[in-house]
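User: Could you take me through the salt bridges in this one?

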Amino acid sequence: MSDTYADHIDTAFLQLSFAIKLGRYLDEHPIDKKDFDIDLTIEDRGNRVCLPGNEFKTYQDLQLAAENNISICFGALAITLWEAIREHSGLSSGKLNPQNSPKENLAALSYMIRCCFAHGTASPVWSIHDSKYKTVYRVGNKTIDLSRIPDKQPFDYSSVGGYETLWLIKEEARANGLL
């Protein structure tokens, strides 16, 4: 039996939680960089990777790496969440219309967030080419207005109501039979 995207949602949410908590921890409880940033060799079943020490020149470099990890995990989760919705519901981006129903509005928001990271992993940007997606979205108690987001604008968590929005999308998608 093959895995589905839905099988990986909880793990993706845990990864994002871990990344956020790690970033917060590094901000509030500085660690000794020289104890962390060491020469490290990992061998596993004949494979080896050697990581040099002192890769992070400053403590701020560690904090930036933690911030980047949050972005990577947020993006991976957004992609996984959309794929699980698509897979379970049968909705596709080509046929999806956010104005049709609250379910499609929710699915379309998931798809739009996914697109930011799928088309700009290292530096996510909004990529809203189809005008039907330039609309207002509702999830939980949040109203998310993407009607005026210019193409290629850098993604900012505040534009979707913060990290919490992915959790709200998951809850509502499950409640509405999209997951």
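Analyst: What follows is a short talk about salt bridges and their surroundings. This is a predicted model, in which local features need pLDDT of at least 70 and side-chain atom pairs count only at pLDDT 80 or more, while totals for chains, interfaces and linings use all residues. Residues are numbered from 1 along each chain as its sequence is written, and side-chain values use heavy atoms, with hydrogens and water left out.

User: How many salt bridges does a search of the whole structure find?

Analyst: The search finds eight, where a salt bridge is a side-chain nitrogen of Lys or Arg within 4 Å of a carboxyl oxygen of Asp or Glu.

User: Which residue does Lys142 meet in a salt bridge?

Analyst: Lys142 pairs with Glu164 at 2.9 Å, N to O. Lys142 lies in strand β4 (residues 142-145) and Glu164 in helix α5 (residues 164-175), so the pair ties together parts that are 22 residues apart in sequence. Helices (H or I, at least four residues) and strands (E, at least two) are DSSP runs, numbered from the N terminus.

User: Is Lys142 buried or exposed?

Analyst: Lys142 is buried, at 16% relative accessible area, whereas Glu164 is partly exposed at 42%. Buried means under 20% relative accessible area, exposed over 50%, and partly exposed in between (1.4 Å probe, protein chains only).

User: Switching to helix α3, what about Arg86 and Glu83?

Analyst: Their side chains form a salt bridge at 2.6 Å, N to O, and the two are three residues apart in helix α3 (residues 59-89), about one helical turn. Glu83 is buried at 12% relative accessibility, while Arg86 is partly exposed at 30%.
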